[in-house]
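This report describes one protein chain for a reader who has not seen it before. Please look at the sequence and the structure below, then read on.

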Amino acid sequence: MLHNDIQKIYFTEEQIRERVAEMGKVLTEEYADKHPLMVGVLKGCFVFMADLMREVNILCDIDFMIVSSYGSGTTTTGAVKILKDLNQDIEGRHIVIIEDILDSGVTLSYLKQYLSMRKPASIKICTLMDKPTRRKADIKADYVGYICPDDFIVGYGLDYDEKYRNLPYIGGLKPEVYS
């Protein structure tokens, strides 16, 4: 049923699994002696972050934020809202923001500035999907799973109006579904 709304599969379950494992190894090496705090941006990150954390083989803490600039549409409103903040002090900590997709960059740019005011040792961004063709803010991810096609993608945590997050792959949604 859900699969009927997908016009093209861009990244299969197996491809995603392999890429997430590679990203976990990189994070393990780069943060081996730093005990980072992995900050998941909900809701979209939850599938990616769960799989990524199983591939990171170091001591690390996790926390979550809910940050939104989309509402129920397909484009950013430009107004960023923090709906859930971190539960711990981050001063002096190495922060890795885990995100499902870096699209316009509005939310992540705001979030990085917001967290910087709390004086962490470092802040880096790890995203499964990077869609630079839609960028509105001057921000880049430090760790990228895939460059995203300029299509409305769903699956593996990515949604349209809270639907399709449970697809095991990432695919392009048929335009008639969201237009």
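Leaving out neighbours within four places in sequence, D100 is in contact with G44, C45, T127, L128, M129, G157 and L158, where contact means heavy atoms within 4.5 Å. The model is predicted: local features need pLDDT of at least 70, side-chain atom pairs count only at pLDDT 80 or more, and totals for chains, interfaces and linings use all residues. Residues are numbered from 1 along each chain as its sequence is written, and side-chain values use heavy atoms, with hydrogens and water left out.

**D100 and its place in the chain**

D100 belongs to strand 5 (residues 94–102). Helices (H or I, at least four residues) and strands (E, at least two) are DSSP runs, numbered from the N terminus. With a relative accessibility of 10%, D100 counts as buried; buried means under 20% relative accessible area, exposed over 50%, and partly exposed in between (1.4 Å probe, protein chains only). C126 is 26 residues from D100 along the chain, and the C-alpha atoms of the two are separated by 8.5 Å.

**The chain as a whole**

Four helices and nine strands make up the list of elements in the protein chain. Their order along the sequence is β-α-β-α-β-β-β-α-β-β-β-β-α. The radius of gyration of the protein chain is 16 Å, close to the 16 Å from the globule rule for 179 residues, so the chain is as compact as a globular protein of that length. This radius is taken over C-alpha atoms, and the globule rule is 2.2 Å times the number of residues to the power 0.38. The C-alpha trace spans about 50 × 35 × 25 Å along its principal axes.

Of the 179 residues, 47% count as buried. Among contacts between residues at least 6 apart in sequence, 67% join residues at least 24 apart. The accessible surface of the protein chain is about 9,000 Å², and 50% of this belongs to carbon and sulfur atoms. These areas come from the Shrake-Rupley method with a 1.4 Å probe; for residues, only the protein chains shown count as cover.

**Charges and salt bridges**

The protein chain carries 22 positive and 27 negative side chains, and the centres of the two sets lie 3 Å apart. Lys and Arg count as positive and Asp and Glu as negative, while His and the chain ends are not counted. The place of a charge is taken as NZ of Lys, CZ of Arg, CG of Asp or CD of Glu.

A salt bridge is a side-chain nitrogen of Lys or Arg within 4 Å of a carboxyl oxygen of Asp or Glu. The count by this rule is 13 salt bridges.

| Acidic residue | Basic residue | N to O distance |
| D51 | R54 | 2.5 Å |
| D130 | R135 | 2.4 Å |
| E162 | R165 | 3.2 Å |

D51 and R54 are three residues apart in helix 2 (residues 46–55), and about one helical turn separates them. D51 is partly exposed at 25% relative accessibility, whereas R54 is exposed at 62%. D130 is buried, with a relative accessible area of 8%. E162 is partly exposed at 45% relative accessibility, and R165 is buried at 12%. E162 and R165 also belong to a network of salt bridges that includes K43 and D159.

**Backbone features**

Most residues other than glycine have a negative phi, and most peptide bonds are trans. Which form does the peptide bond from L42 to K43 take? That bond is cis, with omega near 10 degrees. K43 sits in the loop between strand 2 (37–42) and helix 2.

K119 is not a glycine, yet its phi is positive, at about 60 degrees. K119 lies in the loop between helix 3 (106–116) and strand 6 and is exposed, with a relative accessible area of 57%. Y164 also has a positive phi, near 80 degrees, and is a residue other than glycine. Its loop runs between strand 8 (153–154) and strand 9 (170–173). Is Y164 buried or exposed? At 5% relative accessibility, Y164 counts as buried.

**I139**

I139 is in the loop between strand 6 (122–130) and strand 7 (143–147). It is buried, with a relative accessible area of 9%. Not counting residues up to four places away in sequence, I139 touches L102, G105, L108, S109, K112 and I125. I139 and K119 are 20 residues apart in sequence, and their C-alpha atoms are 19 Å apart in space.
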